[in-house]
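Student: I am new to this structure and would like to go through it step by step. Where should we begin?

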Amino acid sequence: MDILLLGPPGAGKGTQGAILAGRLGLPKFATGDLLRDAVKRGTPVGLQARAIMESGQLVNDDIIMGVVREELAKPEARNGVIFDGVVRTVPQAEGVTRLLAELGRKMDHVLFFDVTDEEILGRIEKRRAIEGRADDDPKAVATRLRAYRDQTAPVLEWYRARGGVQVIPALGPVDEIAARVKGLLGR
Ligand code: AMP
């Protein structure tokens with residue numbers, strides 16, 4: 001089963017994705033985590049992505065599609081994947097759809113984590129204190145929210161027009177949100 005997690009930065013995709021991955025026994029694949037790792041290791045992708053990520057802008061679609069292609073080719077991805085923050089532009093949505101189709105698969109569920117801007121800002125501030133991510137500083141956060149509105153919000157409409165998005169109200173305790181996800185998926 002392939003599941004896409006959509007939502008603004010700080011919506012809880014990473015946290016809920018990890019819970020879901022554990023429960024369903026599927027790998028969770030987050031482009032943000034892979035890119036941060038590439039930056040740390042100084043790989044060619046990391047060198048290209050570093051400054052863009054730190055500014056809060058989106059990394060270009062070709063780089064992302066290369067990373068997605070590599071992940072989907074891994075044996076552990078053969079039964080499905082939890083895509084966390086992977087699809088952030090309409091061309092990426094088209095690209096991922098095509099790659100899955102080549103494998104005889106489709107996105108089985110698209111889950112949208114719905115939170116208010118106020119909640120997002122509070123969560124990111126907390127995360128910054130814990131993880132110290134460069135792109136959690138206020139200026140980069142403003143850029144990330146703008147990128148979300150301009151480039152990622154249309155992805156939601158793209159999937160809505162093609163079969164549906166399941167909306168998860170993502171305010172409240174982590175275990176309650178996890179229970180909502182389980183209720184929606186039926187597993
Ligand atoms: P995240 O950890 O998901 O918040 O991602 C951190 C940063 O990595 C983002 O602000 C982008 O610069 C970059 N990034 C991660 N995933 C993508 C994607 N699918 N498309 C473009 N940029 C991405």
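Tutor: The side chain of threonine 143 comes to 3.5 Å from the backbone oxygen of serine 55. The model is a predicted one.

Student: Is threonine 143 buried or exposed?

Tutor: Threonine 143 lies in helix H7, residues 138-160. Buried means under 20% relative accessible area. Threonine 143 has a relative accessibility of 17%, so it counts as buried.

Student: Which residues does threonine 143 touch, leaving out those up to four places away in sequence?

Tutor: Contact means heavy atoms within 4.5 Å. With residues up to four places away in sequence left out, threonine 143 touches Ser55, Gly56 and Gln57.

Student: What distance should separate the end C-alpha atoms of helix H1, and what is it in the model?

Tutor: Helix H1 runs over residues 13-24 and has 12 residues. The expected span is 1.5 Å times one less than the number of residues. For H1 this gives 16 Å, and the end C-alpha atoms agree, being apart by 16 Å.

Student: Which residues of H1 are buried, and how wide an arc do they cover?

Tutor: The buried residues of H1 are Lys13, Gln16, Gly17, Leu20, Ala21 and Leu24. They lie on the same side of H1, because the arc they cover around the axis is only 140°.

Student: Against which elements do the buried residues of H1 pack?

Tutor: Among their partners is helix H8 (174-185). The others are strands: E1 (3-6), E2 (28-30), E3 (82-84) and E4 (109-114).

Student: Which residues of helix H2 are buried, and which are exposed on the other side?

Tutor: In H2, residues 31-41, the buried residues are Thr31, Gly32, Leu35 and Ala38. Their arc around the axis is only 125°, so they sit on the same side of H2. The exposed residues on the other side of H2 are Lys40 and Arg41.

Student: Which glycine comes just after H2, and what is its phi?

Tutor: Just after H2 comes glycine 42. Its phi is positive, at about 70°.

Student: How are the rings of tryptophan 158 and tyrosine 159 arranged, stacked or edge-to-face?

Tutor: The count of aromatic pairs is 2. In the pair of tryptophan 158 and tyrosine 159, the ring centres are 5.0 Å apart and the planes are at 85°. Planes over 60 degrees apart count as edge-to-face. The pair is therefore edge-to-face.

Student: Which residue has its charged end over the ring of tryptophan 158?

Tutor: Tryptophan 158 counts as buried, at 12% relative accessibility. A charged end sits over its ring, 4.1 Å from the centre, and belongs to arginine 162.

Conventions: Residues numbered from 1 in each chain as written. Predicted model: local features only at pLDDT ≥ 70, side-chain atom pairs only at ≥ 80, totals over all residues. Heavy atoms only, no water. Helix = DSSP H or I, 4+ residues; strand = E, 2+ residues; numbered from the N terminus. Buried < 20%, exposed > 50% of the residue type's maximum accessible area, 1.4 Å probe, protein only. Arc of directions from axis to C-beta. Phe/Tyr/Trp six-rings, centres within 6.5 Å; stacked < 30°, edge-to-face > 60°. Lys NZ or Arg CZ within 6 Å of the ring centre and 35° of its normal. Polar contact = N/O pair within 3.5 Å; in protein donor to acceptor, adjacent residues only side chain to side chain.
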